[in-house]
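Work through the exercises below with the sequence and the model at hand. Each task is followed by a solution in steps.

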Amino acid sequence: QAGRETNAYDLFTAFVSRFPADTNAPLAQWWVADHFFRQGNFVGAETNYELIFQTPAWKNSTLYYPAQLMAGRAAVSRQGFSDAKTYLVNLLADTNCVDPLKTKAMFAYGGVLMRQESPDTNHPFANFEEATNQFGLIIQANPTNEFGALAWSELAKCQLQLLNFAAATNAFAQVFNSPYADISMRSEAKIGCGLVLEKIAALLTGTNRI
């Protein structure tokens, strides 16, 4: 907290090395991973998050599943989308992972799909279609909280990319009419809806365009 990151790094790494069986060892390792993440060293962050869930003695740590999510986020930050997908898919497939964390993993996975190029050159928007499925599942499971509103926002962006304009405007409207969306989400959704209407207008003529 005093800003002496180098000293803290030395102490936490020494702690993990000397007391690997201590219950606080995964937490110390988490700090080390966060240290690299804060510095923008996403390869180092990913490697150190991996240690938390790849160390057999830490299998029962409360950080076991969150570390997998953070490894995925670190991989995304370095644009290692294939690796990020592996972390997140494995996390989602684990029946012992709690639902709130799975929801965050689904968001992250949907984001990966939106940024990753489609493996099918004849179907360039296949990943966006798969992402809509992920966001749809989040919406179904979270109809009365901010996760649902945020998923509607991401779903709308996917529908816009897929040129499904009616579905996009409906999804954006779900956000700016939602009591669970904050002012930032509502504002972004209104701008998004305006952009969709602009694209629709470009396809029309005369009074319909107006």
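**Exercise 1. Find which residues T103 touches, leaving out those up to four places away in sequence, and state whether T103 is buried or exposed.**

Step 1. In this predicted model, T103 touches I138, N142 and F147, once residues up to four places away in sequence are set aside.

Step 2. T103 itself is found in helix α6.

Step 3. The relative accessible area of T103 is 10%. Buried means under 20%, so T103 is buried.

**Exercise 2. Describe helix α4: its span, its cover and what follows it.**

Step 1. Helix α4 runs over residues 64–77, which is 14 residues. From its first C-alpha to its last it reaches 20 Å, close to the 20 Å expected at 1.5 Å a residue.

Step 2. Eleven of the 14 residues of α4 are buried, and the helix is thus mostly covered. Among the buried ones are Y64, Y65, L69, M70 and V76.

Step 3. The cover over the buried residues of α4 includes α2 (25–38), α3 (42–54), α5 (81–93) and α6 (99–115). Helix α6 is also where T103 is found.

Step 4. Just after α4 comes Q79, with a positive phi of about 65°.

**Exercise 3. Decide how many disulfides the count comes to, and examine C158.**

Step 1. A disulfide is a covalent bond between the sulfur atoms of two cysteines. The cut-off used for such a pair is 2.5 Å.

Step 2. For C158, the closest cysteine sulfur is in C193, 16 Å away, and therefore too far for a bond.

Step 3. The count of disulfides comes to zero.

Step 4. As for cover, C158 is buried at 0% relative accessibility. C97 is buried as well, with a relative accessible area of 4%.

**Exercise 4. Summarise the chain as a whole: its elements, extent, surface and charges.**

Step 1. The chain has eleven helices and zero strands.

Step 2. The C-alpha trace spans about 75 × 40 × 30 Å along its principal axes.

Step 3. Of the 210 residues, 43% count as buried. The accessible surface comes to about 11,900 Å², and carbon and sulfur atoms hold 54% of that.

Step 4. Taking contacts between residues at least 6 apart in sequence, 48% join residues at least 24 apart.

Step 5. There are 15 positive and 18 negative side chains, and the centres of these two sets lie 4 Å apart.

Note on methods:
Residues are numbered from 1 along each chain as its sequence is written. This is a predicted model: local features need pLDDT of at least 70, side-chain atom pairs count only at pLDDT 80 or more; totals for chains, interfaces and linings use all residues. Side-chain values use heavy atoms; hydrogens and water are left out. Buried means under 20% relative accessible area, exposed over 50%, partly exposed in between (1.4 Å probe, protein chains only). Helices (H or I, at least four residues) and strands (E, at least two) are DSSP runs, numbered from the N terminus. The expected span of a helix is 1.5 Å times one less than its number of residues. Contact means heavy atoms within 4.5 Å. Accessible areas come from the Shrake-Rupley method with a 1.4 Å probe; for residues, only the protein chains shown count as cover. Lys and Arg count as positive and Asp and Glu as negative; His and the chain ends are not counted. The place of a charge is taken as NZ of Lys, CZ of Arg, CG of Asp or CD of Glu.
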